[in-house]
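Hi,

Here is the structure I promised to pass on to you. Please have it open while you read, as my notes below refer to it throughout.

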Amino acid sequence: MNAVTRRLQRQQAAEPVTVQIDGQVLQGRADETLIEIAQRAGIDIPHLCWSPGLAPAGNCRACVVEIDGERTLAPACCRQPKPGMVVHSANERARRAQRLVLELLQTDMPGAAGPAAADATGVDTTTTAASPPPTADATPHELDHWSRALGVGPSRFPRRASSPAPGTADAHAHGASHVAAHGATPPPADRSHPAIAVHLDACIQCTRCVRACRDEQVNDVIGLAFRGEQARIVFDMDDALGHSTCVACGECVQACPTGALRPAAPAAAQTADRQVDSVCPYCGVGCQLTYHVKDNRILRVEGRDGPANHGRLCVKGRYGFDYAHHPQRLTTPLIRRADAPTKAAIASGGFVMDPSRQAEVFREATWDEALALAGGRLRELRDTHGPQSLAGFGSAKGSNEEAYLFQKLVRTGFGSHNVDHCTRLCHASSVAALLEGIGSGAVSNPVMDVTQADVILVIGANPTVNHPVAASWIKNAQERGSRLIVCDPRRSDLARRADLHLAFRPDTDVAMLNAMMHVIVAEGWVDEAFVRERTEGFEALKANVAAYDPEHMAAVCGVPAEQLREAARLYARSKGSMILWGMGISQHVHGTDNARCLIALALMTGQIGRPGTGLHPLRGQNNVQGASDAGLIPMMLPDYQHVSRPEVRQRFEAAWQLPAGSLSAQPGLTVVEVMHAAQRGDVKGLYVMGENPAMSDPDVNHARQALAALEHLVVQDIFLTETAYLADVVLPASAFPEKTGSFTNTDRLVQLGQQALEPPGQARQDLWIIQDMARQLGLPWRYRDVGDVFDEMRQTMPSIAGMSWSRLQREHAITYPCTDEHDPGQPVVFTDHFPREGGRARFVPADIIPAAERPDEHYPLVLITGRQLEHWHTGSMTRRATVLDALEPDPTAQMHPLDLQALGITPGALMTVASRRGAVTLYARADDSTPRGAVFLAFAYYEAAANRLTNPALDPVAKIPEFKYCAVRVTPGGEAPVQGSYGGGQGFRQAVGAVPAE
């Protein structure tokens, strides 16, 4: 079924239908169910197997209702309305049936009493309040709720015979002998997984977990096995959950109505004092969630119905929250000791970074002393050496308001545009190409538009790892008929599902994409009308791709010519094709050219400006889009207004009440350029808020030496990071759940994050710290709260002019552009023009540029770096989250099994990866998704920092480093990667309290 057919069916199903439920005349749609219509009207119908968002199953029958004119009761979760239908959900007949169902289901609960509550041996297994069964807990669940609501008391019926737990010797037994042997004995709990506890003695086989896993997240781990009385929930091939392929998204836990699947952490069972709605602090998808809080601690996290996630979360969003309570949190300002080890010694590795030894490097200070030294020394450097001697790195993890104030501080307090953040290391080349080609650096369509696309092209991205909830929508779309093309050297999870996988050689993106455009031109699939009316420069592009025929490019990129042709035809000929890409496109010396090719592909086929089409660079961090929008980049003021334009500078000088000519016309230095300038001595002072360049920059040995060369380094963070170890002053800041602010996701959706916790000790809100730093620099700032900052932002940023702080508090999520307060926001942009002069998009041809460093006889392999599912960025948060660190505690290098075999390396053994810049030792992991001749490393591990190896060579346009390609060699063995209490493995797990110290 293609997207056009699906749209047609949706239109037909949208026909209004009038029904009467419990005396209320209600309007619904033909494709809705009775329970959905009732819920919208505030009518509560009992339900257990039904849950919003899941396909109805109708197997619990708790929601049965009486319909006039029908002999039997009907399940409201499966029944669709008909005009004039009269429904009774609470009359005597319906209620009697509902109560009976609930009473029967109660017999499946731990501790259920009844006349046959003795097991086959005659031993009474009825439980009392004084002796609860070992697998039961006191957490209220939905069956309890509905039983109380309908006045259902203890069950009169015998407990059902239970099946053994997965992974036990009895798990595969069949027949009546098994029932006789086990009787009503509950199966033992399965606690093999760090995040999820399995208590099948509480399972009512509603299959909500199965549908959540199979239909929503499309992970296909949970199933219903066996038949009749033997039927039960299983994981994979009846494995214990901890030994299965579960990715710990927790969707099954959120779906379970009885606690059969529950959080493993005992604290999660406590009753929360309050619930706080917020957003996820990790990737750019921007999932909305709810914190359950008790005594200023987060007990658990649940997904809520936000525009980007509709209740879904991934393992980081659901279980990566307890870093905020970690004992290594910074709680007091720190000043570098006069007798501390030298910065040069720390940068060179002569001093092992260990938070438990911070007293050897720093002393505690008051806020007044720390701020006076931090800001006063920066002011002194500015006044002595000039504005260009200072720089600032802001954070993509902070709020829009923090980013806005930080860049304003650098521009007005330091007096230069030397401000940047991690977008320089992520999507700077994508933004450069988008601004050049279509006039906007933001996405054209939200991720959710994949559900309306006929063809989805994913290139240089691994969404199942980096954007798991977005990946679930892609998988949903494919299962409903969309065609999926994945272009990636690695055979990712999505590639395994793809209709077409173009496994091109690393570094050959332009050759492959130009070959596809050659096919589109040669075979006549260009949208001539769109090109003629809405673009410019096509003839130059056409002439350029003429030389890139698939037969010749197949030898370059390694993709067979026929596959290149098939991909081009699929993309160009569909009614709606959408491109999503990640840092596999952007993090190259030819990253801007890669993105130019994707833009040209969309423009030449007219696949932009409509739902189900467009260009979407998947944003890495939770607020990298918002931080860029707010001006945290060296060549742009807020809203991508270039600093070189006089009228732009004049507007901001007026808005910020500055003297005319105060703002420089000279663009500032990028992250990597600041490091070079620091090592030369040109940049002498640096203020870093929530970034960790000593881990995230390429060739971190050089980056650490540059940081050590600074005369004054101020770090504002929540942990003593690798960068903070080199600081002169460390300011303890607020973690994500400890602040209120707005955050902009990858869809251009501005969302409200709300404070759930108080910062620990003397830690302060980041906005408070930035304002106090500004005062030290002579800026008379007096913002009362975050709303004041946001309202100033909207005065200087036309894209969010229609969003007031009060409106955001009311609606929680608004998409920009939003030009006035009545504008609902525009999810799809470029519908009739592009924001360039003349309204036309521009084609920019690209030719093959090889990587700056190629494999040779000394370094014969290619290094690919990236993230892994369980850890985030440099690991400072996720490696201090108990569940996440338990799932992936140690640094690994992924290689093809045949490459490991050829090198004589056994999976799990130590191996050393070396480049021309450094070497790291990790544990070998056999991974057949990694191509032959390549090594994949995650960069979250301090003790095996991947960026010791990476090449700092830059894209000439966007100044982004080439993280995705450099030459390395691999040798067996090496020193185990454990360094101090911050190191990996057992040492690190002890530091986070996941295992006791011996």
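What follows is a short tour of what turned up in it. Please keep in mind that this is a predicted model.

Let me begin with the sheets. One of them is an open sheet of three strands, in the order β10-β11-β12, with antiparallel pairing. The edges are taken by β10 (274-279) and β12 (297-303), each of which has a single partner strand, so one side of each is left without a neighbour in the sheet. On average, and with direction ignored, neighbouring strands here are turned by 30° against each other. Between β11 (residues 288-294) and β12 there are six bridges in the antiparallel sense. If you want a landmark for that pairing, take T290, whose bridge partner in β12 is E302.

Strand β17 (residues 455-459) is worth a look too. Is it enclosed or open to the outside? Five of its five residues are buried, so β17 is largely enclosed by the rest of the structure. Both faces are covered: V455, L457 and I459 are buried on one side, and I456 and V458 on the other. As for its partners, β17 runs parallel to β18 (residues 483-487), joined to it by five bridges, and I459 stands opposite C487 there. β17 also pairs in the parallel sense with β21 (residues 577-581), over five bridges; in that pairing V458 stands opposite L580.

Next, the rings. The count comes to 12 aromatic pairs. In one of them, the ring centres of Y282 and W872 are 6.2 Å apart and the planes lie at 75°; an angle over 60 degrees counts as edge-to-face, so that is what this pair is. Y282 sits in the loop between β10 and β11, while W872 sits in the loop between β32 (861-866) and α31 (882-887), so the pair ties together parts that are 590 residues apart in sequence. Since buried means under 20% relative accessible area, Y282 counts as buried at 1%, and W872 counts as buried at 3%. Elsewhere, ring pairs link Y404, F652 and W656 into a cluster.

Two arginines also lie over rings. The charged end of R490 sits over the ring of F936, at 3.9 Å from its centre. R764 lies over the face of W768, 5.6 Å from the ring centre.

Finally, two helices. Helix α10 (residues 367-385) has 19 residues, which at 1.5 Å a residue should span 27 Å; the end C-alpha atoms are 27 Å apart, so the two agree. Its buried residues are W367, A370, L371, A374, G375, G376, L378, L381 and R382. Just after α10 comes G386, with a positive phi of about 95°.

Helix α28 (residues 766-776) is mostly covered, with eight of its 11 residues buried. These are D766, L767, I769, I770, Q771, D772, M773 and A774. Which elements cover them? Among them are α10, α11 (400-414) and α29 (786-796), along with strands β25 (685-689), β26 (712-717) and β27 (729-732). Here too a glycine follows the helix: G778 comes after α28 and has a positive phi, near 95°.

How values were computed: Residues are numbered from 1 along each chain as its sequence is written. This is a predicted model: local features need pLDDT of at least 70, side-chain atom pairs count only at pLDDT 80 or more; totals for chains, interfaces and linings use all residues. Side-chain values use heavy atoms; hydrogens and water are left out. Two strands pair if DSSP finds at least two bridges between them. Helices (H or I, at least four residues) and strands (E, at least two) are DSSP runs, numbered from the N terminus. Axes are lines fitted to C-alpha atoms, for helices over the stretch in contact, and angles run from 0 to 180 degrees between N-to-C directions. Buried means under 20% relative accessible area, exposed over 50%, partly exposed in between (1.4 Å probe, protein chains only). Rings of Phe, Tyr and Trp (its six-membered ring) pair if their centres lie within 6.5 Å; planes under 30 degrees apart count as stacked, over 60 as edge-to-face and the rest as tilted. A charge sits over a ring if NZ of Lys or CZ of Arg is within 6 Å of the ring centre and within 35 degrees of the ring normal. The expected span of a helix is 1.5 Å times one less than its number of residues. Contact means heavy atoms within 4.5 Å.
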